[in-house]
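Welcome! Please open your viewer and get ready to select a few pieces one after another.

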Amino acid sequence: MKQLNMVINALDKRSHINPEIYGHFSEHLGRCIYKGIYVGEDSPIPNTDGIRNDIIQAFRDIKMPVLRWPGGCFADEYHWKDGIGEKSLRKKMVNTHWGGVTEDNSFGTHEFFNLCEQIGCEPYLAGNLGSGSVQELAEWIEYITLDSGSPMAELRKKNGREKPWKLKYLGIGNENWGCGGSMTPEYYANEYRRYQTYCRNFSGNKLYKIACGPNGDDYEWTDKLLSIVKDWHTSAISLHYYTVPKGDWIHKGSATDFTDDEYYSTISSTLHIEELIKKHSAIISKYSDNIKLIIDEWGCWYDVEPGTNPGFLYQQNTMRDAIATACNLNIFNAHSDVICMANLAQAVNVLQALILTEGDKLVKTPTYHIFGMFAQHQDSELIYSFAENFSVNGIPAVSQSASINPDGSITVTLANCTLDEDIEINSNIVGFSPKSAVATLLTGDVRDYNSFDNPDTVTPTELAISLSDNGFSVTLPKCSVASITLR
């Protein structure tokens, strides 16, 4: 067994970890919304206004801070007026991006804001710049946030919502370099300036406007976008990056049947996001000290489960995904000086989902449990931490981050990314003497997953921890993630 030392300095506060870094994403894609989050008011599945009660509780339990909607690629063909009013009269559409299925628009603006209110999270809208109009987006903001005195506010009231909602986060377009219109950065930048001009602050609501940033390592997009947009009412730009084993988008491989080499390739691909963050952040700093980075689509992407609609992107979720999630979240914490939000793709039944559903059954994935274990980092201060490390198959064996919470406790999250080596971590903490500790562990074979027949194959357990006057010691089993709270 390897023994590694770790140093934590509780006096060296680096940056604030926004709760929104632990955010999520719900698109009209496959069974994420319909037959996932939303089952309709007449469903025998227990629900509140058509939204599954068990999903709401699951989201609350991990302190979901923000939820992005309605896409994704779907956002730039979504026309919000089709999704308001009497449901039987709502206009249907074909979801051309995801499976060619008919969308009946029974889940729209009112349903989404109701969902966020039930969860207790911030709504994050992706506005239609690709196929919509300036007027359409401007009227949507007016409909949502203006108290009274305009046709849109009165229409909202007619549809059953007297008071306006609060909307902070507004993405103006999505992937406009691709499915959102195949635009050049110069063209999009000028469209962004035009669209955002008419997205106004009403009734005390203040919008946090987000421009469509790059795909992965497209640094030219970031540079050209910001050379035009600069601080032009822009709070942040988005970045999209998906973990794909070996970077092979044609043959992504199975979510559950993979080799050890494919596992290490997956984690290597995951860790590449740190390079992207550093390089895009350097470009941002050339143009502004105020613009932040939002990674509003990230996660592991594999081949769909056999026998499912290829356009629904339904995949299982193993301990491999738990390790990838822990690595991502530790990286986001480490760069919380520039990252103000991140959104896992996606919340239910799509890609690296938190939750899988089948009829009235619900399964919490290993990824879900990682978000629960890391939740204590939300709204805390990143503090200096360093762990000795070694490489295995080209990746660092240990991923880690530490934060000090508003109540004075310290949270440490650790991942042992190796498949065949237990690791003992011995820590020394400067400026803090732990009196008690709670340690939680998620571990198992790298291919283990939770199914509808066996929903608790991978579930958190207690981890033994030893305290000293100035630190702690724990043993991380191979392929494991730990969360430690010190008081």
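This tour of a predicted model visits a sheet, the helices on it and then some cysteines.

**Stop 1: the sheet.** Begin by colouring the strands of an open, mixed sheet with 10 strands, in the order β23-β22-β26-β20-β19-β16-β1-β21-β25-β24. At its edges, select 461–462 for β23 and 466–468 for β24; each of these pairs on one side only. Next, pick residues 2–17, strand β1, together with residues 380–387, strand β16: the two run antiparallel and are joined by eight bridges. If you click on S15, look across to L382 in β16, which is its bridge partner.

**Stop 2: the helices.** Now select residues 319–334. This is helix α9, which packs on the sheet and touches β1, β16, β19, β20, β22 and β26. The direction of α9 makes about 50 degrees with that of β19. Then show residues 366–374, helix α10, which lies across β20, β22 and β26 and runs at about 165 degrees to β22.

**Stop 3: the cysteines.** Which residue forms a disulfide with C73? Select C179: the two sulfur atoms are 2.2 Å apart. The torsion about this S-S bond is about -90 degrees, so the disulfide is left-handed. C73 sits in the loop between β5 and β6, and C179 in the loop between β9 and α5, so the pair ties together parts 106 residues apart in sequence. C73 is buried, at 11% relative accessibility, while C179 is partly exposed, at 28%.

Finally, select C212, which is in no disulfide; its nearest cysteine sulfur, that of C179, is 8.7 Å away. C212 is buried, with a relative accessible area of 2%.

How values were computed. Residues numbered from 1 in each chain as written. Predicted model: local features only at pLDDT ≥ 70, side-chain atom pairs only at ≥ 80, totals over all residues. Heavy atoms only, no water. Pairing = 2+ DSSP bridges. Helix = DSSP H or I, 4+ residues; strand = E, 2+ residues; numbered from the N terminus. Contact = heavy atoms within 4.5 Å. Axes fitted to C-alpha atoms, helices over the stretch in contact; angles between N-to-C directions. Disulfide = S-S within 2.5 Å. Buried < 20%, exposed > 50% of the residue type's maximum accessible area, 1.4 Å probe, protein only.
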